[in-house]
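Biologist: I'd like to learn how to read a protein model. Could you walk me through one, feature by feature?

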Amino acid sequence: MGETTVTTQDGRTAAVPEPVAAETDQGFLRRLRAPRRPRLWFEILLIAVSYWTYSLIRNAVPEQRSEALRNADWIWRMEHHLGIAVEESVNHGVNSVTWLIVGMNYYYATLHFVVTLGVLVWLFRSHPGRYAATRLVLFATTGVALVGYYLYPLAPPRLMNGGDFVDTVMVHQTWGSMASGDLKSMSNQYAAMPSMHIGWSLWCGLTIFALASVPWVRVLGLLYPTATLVVIVATANHFWLDAVGGIMCLTFGFAVAWVWYRVLPYALPRLVPVKPGRETGETLLPAKV
(Lines give C-alpha, C1' and ligand atoms only; values in the text may rest on other atoms or scores of the structure.)
Protein backbone atom coordinates (compact mmCIF):
# COMPACT_ATOMS: atom_id res chain seq x y z
CA MET A 1 0.00 0.00 0.00
CA GLY A 2 1.34 3.43 -0.91
CA GLU A 3 4.01 2.07 -3.33
CA THR A 4 4.24 1.42 -7.07
CA THR A 5 6.76 -0.73 -8.95
CA VAL A 6 8.81 0.34 -11.93
CA THR A 7 11.06 -1.69 -14.25
CA THR A 8 14.66 -0.53 -14.54
CA GLN A 9 16.84 -0.79 -17.63
CA ASP A 10 18.41 -4.08 -16.47
CA GLY A 11 15.01 -5.66 -16.08
CA ARG A 12 14.79 -5.49 -12.29
CA THR A 13 11.85 -4.00 -10.50
CA ALA A 14 12.06 -1.40 -7.75
CA ALA A 15 9.47 -0.03 -5.38
CA VAL A 16 8.79 3.68 -5.54
CA PRO A 17 7.01 5.09 -2.48
CA GLU A 18 4.06 7.39 -3.09
CA PRO A 19 3.60 10.56 -0.96
CA VAL A 20 0.38 9.22 0.53
CA ALA A 21 0.85 10.78 3.97
CA ALA A 22 1.49 14.27 2.62
CA GLU A 23 -1.49 14.08 0.28
CA THR A 24 -3.67 12.75 3.11
CA ASP A 25 -2.65 15.63 5.39
CA GLN A 26 -3.34 18.19 2.68
CA GLY A 27 -6.68 16.57 1.92
CA PHE A 28 -7.63 16.62 5.60
CA LEU A 29 -6.82 20.34 5.93
CA ARG A 30 -8.67 21.06 2.70
CA ARG A 31 -11.75 19.30 4.05
CA LEU A 32 -11.55 21.25 7.32
CA ARG A 33 -11.36 24.55 5.44
CA ALA A 34 -14.12 23.70 2.97
CA PRO A 35 -17.48 25.47 3.49
CA ARG A 36 -20.05 23.13 4.96
CA ARG A 37 -23.68 23.34 5.95
CA PRO A 38 -23.96 24.60 9.56
CA ARG A 39 -26.17 22.60 11.93
CA LEU A 40 -28.74 24.64 13.81
CA TRP A 41 -28.57 22.71 17.09
CA PHE A 42 -24.77 22.83 17.12
CA GLU A 43 -24.65 26.57 16.43
CA ILE A 44 -27.15 27.38 19.18
CA LEU A 45 -25.19 25.25 21.65
CA LEU A 46 -21.84 26.68 20.52
CA ILE A 47 -22.95 30.31 20.79
CA ALA A 48 -24.60 29.76 24.17
CA VAL A 49 -21.59 27.97 25.65
CA SER A 50 -19.15 30.46 24.12
CA TYR A 51 -20.96 33.50 25.49
CA TRP A 52 -21.32 31.87 28.91
CA THR A 53 -17.59 31.11 28.91
CA TYR A 54 -16.75 34.65 27.74
CA SER A 55 -18.87 36.20 30.51
CA LEU A 56 -17.43 33.83 33.12
CA ILE A 57 -13.82 34.60 32.20
CA ARG A 58 -14.43 38.35 31.77
CA ASN A 59 -16.07 38.67 35.15
CA ALA A 60 -13.51 36.39 36.82
CA VAL A 61 -10.63 38.68 35.82
CA PRO A 62 -9.43 40.53 38.95
CA GLU A 63 -10.91 44.00 38.91
CA GLN A 64 -7.68 45.65 40.13
CA ARG A 65 -9.41 48.93 40.90
CA SER A 66 -6.32 50.98 41.66
CA GLU A 67 -4.55 49.95 38.45
CA ALA A 68 -7.74 50.45 36.44
CA LEU A 69 -8.10 54.00 37.73
CA ARG A 70 -4.44 54.77 37.02
CA ASN A 71 -4.86 53.48 33.50
CA ALA A 72 -7.95 55.63 33.04
CA ASP A 73 -6.01 58.70 34.12
CA TRP A 74 -3.26 57.82 31.63
CA ILE A 75 -5.76 57.32 28.79
CA TRP A 76 -7.39 60.67 29.60
CA ARG A 77 -4.03 62.47 29.59
CA MET A 78 -3.06 60.79 26.34
CA GLU A 79 -6.30 61.87 24.68
CA HIS A 80 -5.71 65.44 25.83
CA HIS A 81 -2.25 65.23 24.31
CA LEU A 82 -3.76 63.97 21.05
CA GLY A 83 -6.48 66.64 21.11
CA ILE A 84 -9.37 64.15 21.11
CA ALA A 85 -10.47 64.35 24.75
CA VAL A 86 -14.02 65.54 24.07
CA GLU A 87 -15.87 62.65 25.74
CA GLU A 88 -16.89 64.80 28.70
CA SER A 89 -18.47 67.44 26.46
CA VAL A 90 -20.34 64.78 24.48
CA ASN A 91 -21.50 63.13 27.69
CA HIS A 92 -22.86 66.38 29.17
CA GLY A 93 -24.35 67.58 25.90
CA VAL A 94 -26.33 64.41 25.20
CA ASN A 95 -27.29 64.00 28.85
CA SER A 96 -29.09 67.36 28.68
CA VAL A 97 -31.59 65.87 26.20
CA THR A 98 -33.48 63.36 28.34
CA TRP A 99 -35.25 61.39 25.62
CA LEU A 100 -32.02 61.05 23.65
CA ILE A 101 -29.83 59.83 26.48
CA VAL A 102 -32.50 57.43 27.75
CA GLY A 103 -32.74 55.98 24.25
CA MET A 104 -28.96 55.62 24.15
CA ASN A 105 -28.97 53.82 27.49
CA TYR A 106 -31.35 51.21 26.12
CA TYR A 107 -29.43 51.08 22.84
CA TYR A 108 -26.28 50.27 24.83
CA ALA A 109 -28.06 47.55 26.79
CA THR A 110 -29.86 45.75 23.98
CA LEU A 111 -28.63 46.24 20.42
CA HIS A 112 -25.17 44.93 21.26
CA PHE A 113 -26.73 41.47 21.58
CA VAL A 114 -29.82 41.73 19.36
CA VAL A 115 -28.05 42.94 16.22
CA THR A 116 -25.12 40.54 16.61
CA LEU A 117 -27.43 37.54 16.98
CA GLY A 118 -29.58 38.82 14.12
CA VAL A 119 -26.57 38.98 11.79
CA LEU A 120 -25.53 35.46 12.80
CA VAL A 121 -29.03 34.14 12.01
CA TRP A 122 -29.03 35.97 8.66
CA LEU A 123 -25.65 34.48 7.77
CA PHE A 124 -26.83 31.02 8.80
CA ARG A 125 -29.88 31.18 6.57
CA SER A 126 -28.69 33.22 3.58
CA HIS A 127 -24.90 32.75 3.46
CA PRO A 128 -24.18 29.26 4.84
CA GLY A 129 -20.93 28.96 2.91
CA ARG A 130 -19.58 32.07 4.63
CA TYR A 131 -21.12 31.46 8.03
CA ALA A 132 -18.36 29.47 9.75
CA ALA A 133 -15.56 31.76 8.57
CA THR A 134 -17.41 34.94 9.55
CA ARG A 135 -18.33 33.42 12.91
CA LEU A 136 -14.64 32.59 13.41
CA VAL A 137 -13.83 36.30 13.03
CA LEU A 138 -16.31 37.14 15.80
CA PHE A 139 -15.04 34.42 18.12
CA ALA A 140 -11.37 35.30 17.60
CA THR A 141 -12.17 38.97 18.18
CA THR A 142 -13.90 38.18 21.45
CA GLY A 143 -11.18 35.78 22.56
CA VAL A 144 -8.35 38.25 22.17
CA ALA A 145 -10.46 40.88 23.97
CA LEU A 146 -10.36 38.68 27.08
CA VAL A 147 -6.57 38.95 27.01
CA GLY A 148 -6.92 42.73 26.94
CA TYR A 149 -9.24 42.72 29.96
CA TYR A 150 -6.71 40.69 31.92
CA LEU A 151 -3.58 42.61 30.91
CA TYR A 152 -5.00 46.12 30.93
CA PRO A 153 -7.77 46.75 33.48
CA LEU A 154 -9.38 50.10 32.72
CA ALA A 155 -12.05 52.10 34.50
CA PRO A 156 -14.71 53.67 32.27
CA PRO A 157 -14.95 57.47 32.28
CA ARG A 158 -17.99 57.49 34.59
CA LEU A 159 -15.89 55.84 37.35
CA MET A 160 -12.83 58.08 37.09
CA ASN A 161 -11.54 59.78 40.23
CA GLY A 162 -12.07 63.51 40.07
CA GLY A 163 -13.87 63.29 36.73
CA ASP A 164 -17.02 65.21 35.93
CA PHE A 165 -18.64 62.52 33.81
CA VAL A 166 -22.33 61.69 34.26
CA ASP A 167 -23.29 58.06 34.84
CA THR A 168 -26.38 58.31 32.65
CA VAL A 169 -27.83 54.99 33.82
CA MET A 170 -27.72 56.03 37.45
CA VAL A 171 -29.08 59.52 36.76
CA HIS A 172 -31.98 58.41 34.58
CA GLN A 173 -32.65 55.11 36.34
CA THR A 174 -32.43 52.95 33.22
CA TRP A 175 -30.71 49.61 32.75
CA GLY A 176 -28.34 50.65 29.99
CA SER A 177 -25.23 49.15 31.56
CA MET A 178 -24.52 45.91 33.39
CA ALA A 179 -21.86 47.81 35.30
CA SER A 180 -24.20 50.35 36.89
CA GLY A 181 -26.80 50.28 39.60
CA ASP A 182 -27.95 46.97 41.07
CA LEU A 183 -26.34 44.96 38.28
CA LYS A 184 -22.80 46.17 38.84
CA SER A 185 -21.97 43.23 41.12
CA MET A 186 -22.63 40.87 38.16
CA SER A 187 -20.07 42.43 35.83
CA ASN A 188 -16.44 43.45 35.94
CA GLN A 189 -16.61 47.23 35.97
CA TYR A 190 -12.99 47.63 34.96
CA ALA A 191 -13.07 45.76 31.63
CA ALA A 192 -13.44 48.77 29.36
CA MET A 193 -10.44 48.14 27.08
CA PRO A 194 -11.05 47.00 24.41
CA SER A 195 -14.65 47.94 23.66
CA MET A 196 -16.54 44.90 22.38
CA HIS A 197 -19.49 47.18 21.66
CA ILE A 198 -17.29 48.53 18.89
CA GLY A 199 -15.70 45.20 17.98
CA TRP A 200 -19.04 43.46 17.59
CA SER A 201 -20.91 46.36 15.97
CA LEU A 202 -18.14 46.87 13.41
CA TRP A 203 -18.20 43.14 12.67
CA CYS A 204 -21.96 43.43 12.08
CA GLY A 205 -21.59 46.58 9.98
CA LEU A 206 -18.86 45.23 7.72
CA THR A 207 -20.70 41.93 7.25
CA ILE A 208 -23.93 43.68 6.28
CA PHE A 209 -22.12 46.11 3.98
CA ALA A 210 -20.18 43.33 2.25
CA LEU A 211 -23.01 40.84 1.78
CA ALA A 212 -26.34 42.68 1.70
CA SER A 213 -27.83 43.23 -1.75
CA VAL A 214 -30.13 46.17 -0.88
CA PRO A 215 -28.23 49.51 -1.00
CA TRP A 216 -30.01 51.19 1.92
CA VAL A 217 -29.40 48.12 4.10
CA ARG A 218 -25.70 48.34 3.30
CA VAL A 219 -25.73 52.00 4.36
CA LEU A 220 -27.43 51.06 7.64
CA GLY A 221 -24.68 48.51 8.15
CA LEU A 222 -22.08 51.26 8.12
CA LEU A 223 -24.16 53.59 10.28
CA TYR A 224 -24.60 51.00 13.02
CA PRO A 225 -20.99 51.00 14.35
CA THR A 226 -20.88 54.78 13.89
CA ALA A 227 -23.95 55.21 16.08
CA THR A 228 -22.53 52.72 18.58
CA LEU A 229 -19.36 54.80 18.90
CA VAL A 230 -21.42 57.88 19.77
CA VAL A 231 -23.46 55.87 22.30
CA ILE A 232 -20.54 54.36 24.20
CA VAL A 233 -18.98 57.82 24.58
CA ALA A 234 -22.20 59.70 25.38
CA THR A 235 -23.08 57.23 28.14
CA ALA A 236 -19.55 57.56 29.62
CA ASN A 237 -18.90 53.83 29.31
CA HIS A 238 -15.82 54.15 27.09
CA PHE A 239 -13.06 56.43 25.88
CA TRP A 240 -12.38 56.94 22.18
CA LEU A 241 -9.24 54.83 22.57
CA ASP A 242 -11.31 51.90 23.86
CA ALA A 243 -12.92 51.89 20.43
CA VAL A 244 -9.48 51.74 18.84
CA GLY A 245 -8.79 48.68 20.97
CA GLY A 246 -12.00 47.08 19.69
CA ILE A 247 -10.97 47.75 16.08
CA MET A 248 -7.58 46.17 16.71
CA CYS A 249 -9.24 43.05 18.13
CA LEU A 250 -11.50 42.82 15.07
CA THR A 251 -8.45 43.14 12.81
CA PHE A 252 -6.92 40.21 14.66
CA GLY A 253 -10.13 38.24 14.14
CA PHE A 254 -10.05 38.80 10.39
CA ALA A 255 -6.36 37.83 10.33
CA VAL A 256 -7.14 34.52 12.05
CA ALA A 257 -9.89 33.76 9.53
CA TRP A 258 -7.62 34.68 6.61
CA VAL A 259 -4.81 32.45 7.87
CA TRP A 260 -7.17 29.50 8.23
CA TYR A 261 -9.27 29.90 5.08
CA ARG A 262 -6.60 31.63 2.94
CA VAL A 263 -9.23 34.17 1.92
CA LEU A 264 -11.46 36.71 3.64
CA PRO A 265 -14.80 35.23 4.76
CA TYR A 266 -16.85 37.39 2.39
CA ALA A 267 -14.98 35.97 -0.62
CA LEU A 268 -16.06 32.39 0.13
CA PRO A 269 -18.97 30.89 -1.84
CA ARG A 270 -22.41 31.89 -0.55
CA LEU A 271 -23.90 28.41 -0.83
CA VAL A 272 -22.65 25.10 0.48
CA PRO A 273 -21.46 22.21 -1.71
CA VAL A 274 -23.26 18.90 -1.26
CA LYS A 275 -19.91 17.19 -0.70
CA PRO A 276 -17.42 19.66 0.80
CA GLY A 277 -13.96 19.39 -0.69
CA ARG A 278 -14.95 18.57 -4.27
CA GLU A 279 -13.12 20.98 -6.53
CA THR A 280 -15.12 20.40 -9.69
CA GLY A 281 -18.64 19.44 -10.60
CA GLU A 282 -20.10 20.71 -7.33
CA THR A 283 -23.83 21.10 -6.86
CA LEU A 284 -24.47 24.01 -4.53
CA LEU A 285 -27.44 24.00 -2.20
CA PRO A 286 -28.65 26.52 0.39
CA ALA A 287 -28.46 25.59 4.01
CA LYS A 288 -31.46 23.94 5.62
CA VAL A 289 -32.64 25.16 8.99
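Predicted model: local features only at pLDDT ≥ 70, side-chain atom pairs only at ≥ 80, totals over all residues.

Biologist: OK, let's start inside. Which residues have the most contacts inside the largest nonpolar core?

Modeller: The general idea first: in soluble globular proteins, nonpolar side chains tend to be buried together. Here the largest nonpolar core has 36 residues, and Tyr-149, Met-196 and Trp-203 have the most contacts inside it. Two or more residues each come from α5 (98-126), α6 (128-151), α8 (196-211), α9 (215-234) and α10 (240-261). The largest share, eight residues, is from α5. There's also a second, separate core of 16 residues, which includes Ala-72, Trp-76, Tyr-190 and Phe-239.

Biologist: Now helices. How do I read the packing of α5 and α8?

Modeller: Two packed helices are described by the angle between their axes and the distance between the axes. For α5 and α8, the angle is about 35° and the axes are 10 Å apart. The crossing of α5 past α8 is left-handed.

Biologist: Which residues of α5 and α8 make the contact?

Modeller: From α5, they include Tyr-108, His-112, Phe-113 and Trp-122. From α8, Met-196, His-197, Trp-200 and Trp-203 are among them. Sort the residues of this contact by type and you get 13 nonpolar, four polar and no charged.

Biologist: Let's zoom in on His-112. Is His-112 buried or exposed?

Modeller: Buried means under 20% relative accessible area. His-112 has 8% relative accessibility, so it counts as buried. This residue sits in helix α5. Leaving out residues up to four places away in sequence, His-112 touches Tyr-107, Met-196, His-197, Trp-200 and Tyr-224.

Biologist: Can we try that reading on Val-94? Where does Val-94 lie, and what does Val-94 touch?

Modeller: Val-94 lies in helix α4 (residues 87-95). With a relative accessible area of 12%, Val-94 is buried. Again not counting residues up to four places away in sequence, Val-94 touches Leu-100, Ile-101, Met-104 and Ala-234.

Biologist: Last topic, rings. How many aromatic pairs does a search of the whole structure find?

Modeller: It finds six aromatic pairs. A pair of aromatic rings is described by the distance of the centres and the angle of the planes. Take Trp-76 and Phe-165: 5.4 Å centre to centre, with 65° between the planes, an edge-to-face pair. Trp-76 is in helix α3 (residues 65-82) and Phe-165 is in the loop between α6 and α7 (168-172), so the pair ties together parts that are 89 residues apart in sequence. Trp-76 and Phe-165 are both buried. Ring pairs also link Trp-76, Phe-165 and Phe-239 into a cluster.

Biologist: And why is the pair of Phe-254 and Tyr-266 called edge-to-face?

Modeller: Planes over 60 degrees apart count as edge-to-face. The planes of Phe-254 and Tyr-266 are at 70° and the ring centres are 6.0 Å apart, so this pair is edge-to-face. Phe-254 lies in helix α10 and Tyr-266 in the loop between α10 and β3 (272-273), so the pair ties together parts that are 12 residues apart in sequence. As for burial, Phe-254 is buried with a relative accessible area of 14%, and Tyr-266 counts as buried at 18% relative accessibility.

Note on methods:
Residues numbered from 1 in each chain as written. Heavy atoms only, no water. Core = buried A, V, L, I, M, F, W, Y, C linked by side-chain atoms within 4.5 Å. Buried < 20%, exposed > 50% of the residue type's maximum accessible area, 1.4 Å probe, protein only. Helix = DSSP H or I, 4+ residues; strand = E, 2+ residues; numbered from the N terminus. Axes fitted to C-alpha atoms, helices over the stretch in contact; angles between N-to-C directions. Left-handed = near helix turned anticlockwise from the far one by under 90°. Contact = heavy atoms within 4.5 Å. Nonpolar A, V, L, I, M, F, W, Y, C, P; charged D, E, K, R; others polar. Phe/Tyr/Trp six-rings, centres within 6.5 Å; stacked < 30°, edge-to-face > 60°.
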